[in-house]
Amino acid sequence: FTHSRSSPSCSSSVQLWTLPLPFLSKPRDFSVPNSSWGPEMMRLYEHYNSQCEVEMEGGGKREGLWRKLPSYNRILKYATGGVYLSKIIQSKARLFTRNIREPGAAFEYVLFANSEEQKCVGIFQAGHLLEGPPGHVHGGAIATMIDTVTGTHASMLSGPVMTANLNINYRSPIPLGSTVLLESCLDKKEGRKIIITCKVMSTDGSKVHTETTALFLSINVCHLLERA
Ligand SMILES: CCCCCCCCCCCCCC(=O)SCCNC(=O)CCNC(=O)[C@H](O)C(C)(C)COP(=O)(O)OP(=O)(O)OC[C@H]1O[C@@H](n2cnc3c(N)ncnc32)[C@H](O)[C@@H]1OP(=O)(O)O
């Protein structure tokens with residue numbers, strides 16, 4: 001996504017959400033299988049991953065309905081914008097969900113998007129550092145994952161966004177260490193507003209853990225940079 005509106009303090013064209021080529025260093029994608037992924041996490045990953053490419057008759061492959069979204073621990077490192085962004089690029093900032101090094105200890109997740117159906121899914125395995133009620137996942141960690149899946153979905157639909165409202169109903173607790181599925185669907189777009197619904201469910205679909213309505217507002221990237 002490209003932002004190019006001019007303002008006195010944000011005058012250059014700023015590309016924040018794209019990965020410019022050539023990369024200075026190859027970013028590490030954290031949403032690929034590692035040794036901590038349990039069988040359920042692997043099964044769902046393979047289920048969606050296998051639908052990212054379709055074999056054609058007579059050989060060859062074409063893009064499928066789903067697309068795996070990469071996930072990095074920094075965003076601005078890979079942005080362009082020259083001098084204007086240099087202060088932020090050099091900072092120690094890391095994406096909250098990707099800042100714990102031990103595999104499996106916290107947020108293990110992968111996102112897939114289906115642009116035809118305007119849907120996004122997240123497969124989330126909750127590690128032992130995310131405990132809230134004994135043996136179960138902290139509500140804030142669940143909200144973080146809902147924000148991540150719906151926020152990514154909203155940015156795919158509308159470019160840079162900020163979460164304005166997350167309205168979460170917690171229906172049943174999530175056992176620590178388990179894998180759950182987050183399903184994000186576009187409800188409507190009205191001007192700058194993007195309204196998305198999201199369900200967190202057990203992987204067999206038999207249990208609903210949370211139901212959410214999220215409101216995102218498209219923003220001018222300068223909204224963030226002017227405060228940096
Ligand atoms: C490929 C994808 C890559 C992406 C990677 C991402 C990975 C990570 C993803 C992780 C994702 C993490 C994401 C995060 O964690 S984002 C971090 C958490 N969110 C924030 O910090 C946001 C803080 N708030 C703000 O900055 C501003 O308030 C915003 C920008 C939201 C709006 O301020 P702005 O000055 O721009 O707009 P406005 O005030 O003129 O309002 C405009 C309209 O909106 C309506 N309105 C506003 N607020 C609310 C509300 N709360 N409920 C209901 N309605 C609300 C308002 O009535 C008005 O409606 P109308 O009168 O026009 O009808």
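Two strands are taken to pair if DSSP finds at least two bridges between them. In the predicted model, strand β8 (residues 193-202) meets this condition with β9, to which 9 bridges join it in the antiparallel sense. Within this pairing, Ile195 has Leu215 of β9 as its bridge partner. The two strands, β8 and β9, form a hairpin, and 5 residues lie between them. Gly205, located in the turn, has a positive phi of about 80 degrees.

Strand β9 also pairs with β6, again antiparallel and over 9 bridges. Here Asn165 is the residue that stands opposite Leu215.

The ligand is surrounded by 15 residues. The closest of these are Gly151, Ser155, Thr163, Ala164 and Asn165. At least two residues of the shell come from each of α3 (139-158), β6 (161-170) and β9 (208-218). The greatest contribution is that of α3, which supplies 6 residues. By residue class, the shell around the ligand consists of 7 nonpolar, 6 polar and 2 charged residues.

An unreviewed UniProt entry places the feature "domain: Thioesterase" at residues 135-207. Over this range the chain is 27% helix and 44% strand. The C-alpha atoms at the ends of the range are 18 Å apart.

Note on methods:
Residues are numbered from 1 along each chain as its sequence is written. This is a predicted model: local features need pLDDT of at least 70, side-chain atom pairs count only at pLDDT 80 or more; totals for chains, interfaces and linings use all residues. A residue is near a molecule or strand if its C-beta atom, placed from the backbone, lies within 6 Å of it. Helices (H or I, at least four residues) and strands (E, at least two) are DSSP runs, numbered from the N terminus. Ala, Val, Leu, Ile, Met, Phe, Trp, Tyr, Cys and Pro count as nonpolar, Asp, Glu, Lys and Arg as charged, and the others, Gly among them, as polar. UniProt positions are given in the numbering used here, feature names are shortened, and annotations may be inferred rather than shown by experiment.
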